[in-house]
Amino acid sequence: MAVHGESAPFDAARGLGETDLAVYGWVLEQRSGDAEAVAAGVGITAGEAGASLERLRSARLLHGRTGPGGSQGVFAVAPETALAQLAAPVEARIREQQAGLAGMREDLGPFVARYHQRRACGEGLELLENVQDVRTTLNQASDRCTREVLTSQPGGGARVPEAMQEALVRDRAMLERGIRLRTLYHHTARFNGPSQAYVAAASALGGQYRTAHELFGRLIVFDREVAFIPVRDDSWGAVVIREPSTVAYLCEVFEQTWDRATPFADAADQGLEVVSREIHETIVRLLAAGLKDEAIARRLGMSLRTARRHIADIMEELGAASRFQAGARAAAQGLLGAGAPTPAEDQPPSGADAG
C-alpha cells in the first residue's frame, strides 16, 4: 500500500475540473493570482477561486505567491513542465527499483543456471520436479498454443470437482481462441458425475472427448511441438519433451488410440450392462496376459479395490483358483476375443505393467 508521500504526485493532478481550467486560462492571460479578481473574471465566488488557485499550485500549474491583498507575478506554468516536476520523484523511485531488480537478477543468476542445469535431463528434455513448476510451464504452453491440444487423462473417474472446474476455465479460454481440443479418458469416467458435467460443458464449446478401456498413460501435447508426460515415481513432477521425433511418436500413439476409442457417453445412456460387460471382458484379457492387480487397475483407470473386486468376481464365475487357470478357461470359452493372447503365448510382463 502506498504511503502518503508516494501518492502525493499522483493526487496533485487528480480532481482538476472545468473551474480549474477556467481559472488557469484567466491566470495565463492576466498573470495575477488575486482571488477576488479571479472570481470576478471567471464568474465564481472568491472562496471557489481561492480553492482552485491552491489546487493549481499543488499541481505545479501555477507559480508564484499571493499576499493578503493579492500579489503580482503569479503565472501559469506549461503543463509539460508541471508534469516533469510531478513525475521527477516517481521516476527517481522507479530508477531505484530497477537498479534493485537488476541487482537481484545478478545475485540469483548462478542459482538460475544451476537450477536449469539440474532440470535438463537430455537433448530436448526438461525435468519439472514439483507441482508449481508443472502448473507454470503448462500455463505458459497453453497461452502460446495456437492450433491444437491432445490429452490423455487416465483415471478420469477419480477427478475431483474442483480440478474439473479449473480445467474447464483453462479449456474454455483455448476453445474460444479456436484451438482444437481432443481428450481421451478411461471408460470409467462415464460413471463419474463431475466428469460427465465437464465433458458436456466443454463439448458445447467444441471440445472432443472419447473413452477407452485401456490408455497408454498420461499425456498432454501442445501444437505437436511440446509434450508433457509424468515422471515415473508417480509424484506431481513431469518431463517436458521438445525433441521433434519423440513428440511426433507420442502424437502417433495418441492418434491410434483415438481412432479405436468411442465418443464419450454417459454410462447410463449407453447401458450399464453393456459397459459392465466390456469392463469384464477387458479384465479377463489382461488376466490372461499375466498382469497383476495393480497394473490392471492402472490400465483401466479404476481403484485397486475396485479392480480386485472385479477380478474376484471373474475368477469365481470361471471357477478358477489362479490367474493362469482363469486365462486358460477364458480362452477355452472364447472370452478373450480374436487375436488375444492365451496364457501359453504370454511373455513375462515388463516395465510399469509388471505391477
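**A look at the aromatic rings**

Modeller: Start with two tyrosines: Tyr 185 is buried, and Tyr 209 is buried too. Buried means under 20% relative accessible area; exposed means over 50%, and partly exposed lies in between, with a 1.4 Å probe and protein chains only. This is a predicted model, where local features need pLDDT of at least 70 and side-chain atom pairs count only at pLDDT 80 or more, while totals for chains, interfaces and linings use all residues. Residues are numbered from 1 along each chain as its sequence is written, and side-chain values use heavy atoms, with hydrogens and water left out.

Now the pairs. Two numbers describe a pair of aromatic rings: the distance of the centres and the angle of the planes. Rings of Phe, Tyr and Trp (its six-membered ring) pair if their centres lie within 6.5 Å; planes under 30 degrees apart are stacked, over 60 edge-to-face, and the rest tilted. Searching the whole structure gives five aromatic pairs.

One of them is Tyr 185 with Tyr 209. This pair is stacked, at 6.2 Å centre to centre and 10 degrees between the planes. Tyr 185 sits in strand β5 (residues 180-186) and Tyr 209 in strand β6, so the pair ties together parts 24 residues apart in sequence. Strands (E, at least two residues) and helices (H or I, at least four) are DSSP runs, numbered from the N terminus.

Tyr 185 has another partner, Phe 264. Here the rings are edge-to-face: 6.2 Å centre to centre, with 75 degrees between the planes. This pair links distant parts of the chain, 79 residues apart. Tyr 185 is in strand β5, and Phe 264 is in the loop between β10 (262-263) and α10 (267-270). Phe 264 is buried, as is Tyr 185.

Tyr 185, Tyr 198, Tyr 209 and Phe 264 are linked by ring pairs into a cluster.

Next, the strands around those names. An open sheet of eight strands runs in the order β3-β9-β8-β7-β4-β5-β6-β10, with mixed pairing. Two strands pair if DSSP finds at least two bridges between them. β3 (125-128) and β10 are the edge strands, each pairing on one side only.

One more ring is worth a look. Arg 182 lies over the face of Trp 258, 5.3 Å from the ring centre. A charge sits over a ring if NZ of Lys or CZ of Arg is within 6 Å of the ring centre and within 35 degrees of the ring normal.
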